[in-house]
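Q: Please take a close look at the aromatic pairs in this model. Which rings pair, and where do they sit?

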Amino acid sequence: MPTSAARRRRCWTPRGPPRPARLKPPFPAVAGLYGAPTVVNNVETLASVPFVVRGGSAWFKEFGPEKSPGPKIYSLSGRVVHPGQYEAPMGTTMRELLAMAGGVRPGHELKFWTPGGSSTPYFTPEHLDVPLDFDSVAAAGSMLGTTALMVFDETDSIVEATLRFTEFYAHESCGKCTPCREGTYWLVQILERLVAGHGTARDLDLLTDTCDNILGRSFCALGDGATSCIASSLKYFRDDYVALLPADEQGRLGRTLKLEPVGAMA
């Protein structure tokens, strides 16, 4: 049972016993708490209500773009001087947010970052000026998600970072649907093999093929989210994967690449 549905059910039952198997619970707007229509919003949304009431909708819409008005809390973490929560108008760019956070740590350069957490496709320095609102980020090939902006520099291995994210999704999979349960498991196995330096040229295509068999085929969005970092990392940093292959496997691809040893992430 999805977390929100489990919480609603727990509000009116002393225990949360298993319910008869079903594909998905009803939408909360149809049957939520106590089986009645229920509106569910996050804390950030609810916290904006008093300000909208006090200042009016016209005032609220002065912040951010027309289709995504209002302020937004951007969470910066990783290789920045001052990680933290930054409230700024929707549509603020990563370049502007990095300036607020003191920039990437001294002596290092931005390599890749997430616009909305680990379940959103990676962005690169080329995306620093993309307005961070729903439509602009989607048009650039990712999702705004939770606006969890994780920043990585040149000392970080994108393959190792992707492995860590994928391990999380494999652990969190409820196991109900086969694409997610089996797919995330095998994605971890392939990535571990690559990070250890025992991968093959075929593994790169196998990663893509496995992602294609998860995307759009799982009961919930966890499966889809698990594929985002893998697909985007192969799109933007395929050479980083190739560089981890043994020399003979690189030869099959007609390449000779070498990266610093994996494991620099702290």
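A: Buried here means under 20% relative accessible area, exposed over 50%, and partly exposed in between, with a 1.4 Å probe and protein chains only. The model is predicted, so local features need pLDDT of at least 70 and side-chain atom pairs count only at pLDDT 80 or more, while totals for chains, interfaces and linings use all residues. Residues are numbered from 1 along each chain as its sequence is written, and side-chain values use heavy atoms, with hydrogens and water left out.

Rings of Phe, Tyr and Trp (its six-membered ring) pair if their centres lie within 6.5 Å; planes under 30 degrees apart count as stacked, over 60 as edge-to-face and the rest as tilted. Searching the whole structure gives 9 aromatic pairs. One of them joins Trp 113 and Phe 123: the ring centres are 5.2 Å apart and the planes stand at 70 degrees, so this pair is edge-to-face. Trp 113 belongs to strand β3 (residues 110-114) and Phe 123 to the loop between β3 and α5 (134-139), so the contact ties together parts 10 residues apart in sequence. Helices (H or I, at least four residues) and strands (E, at least two) are DSSP runs, numbered from the N terminus. Both Trp 113 and Phe 123 are buried.

A tilted pair is formed by Tyr 122 and Phe 165, at 6.4 Å centre to centre and 35 degrees between the planes. This pair links distant parts of the chain, 43 residues apart: Tyr 122 is in the loop between β3 and α5, and Phe 165 is in helix α6 (residues 158-172). Tyr 122 has a relative accessible area of 1%, so it is buried; Phe 165, at 12%, also counts as buried. Ring pairs join Tyr 122 and Phe 165 with Phe 112, Phe 152 and Phe 237 in a cluster.
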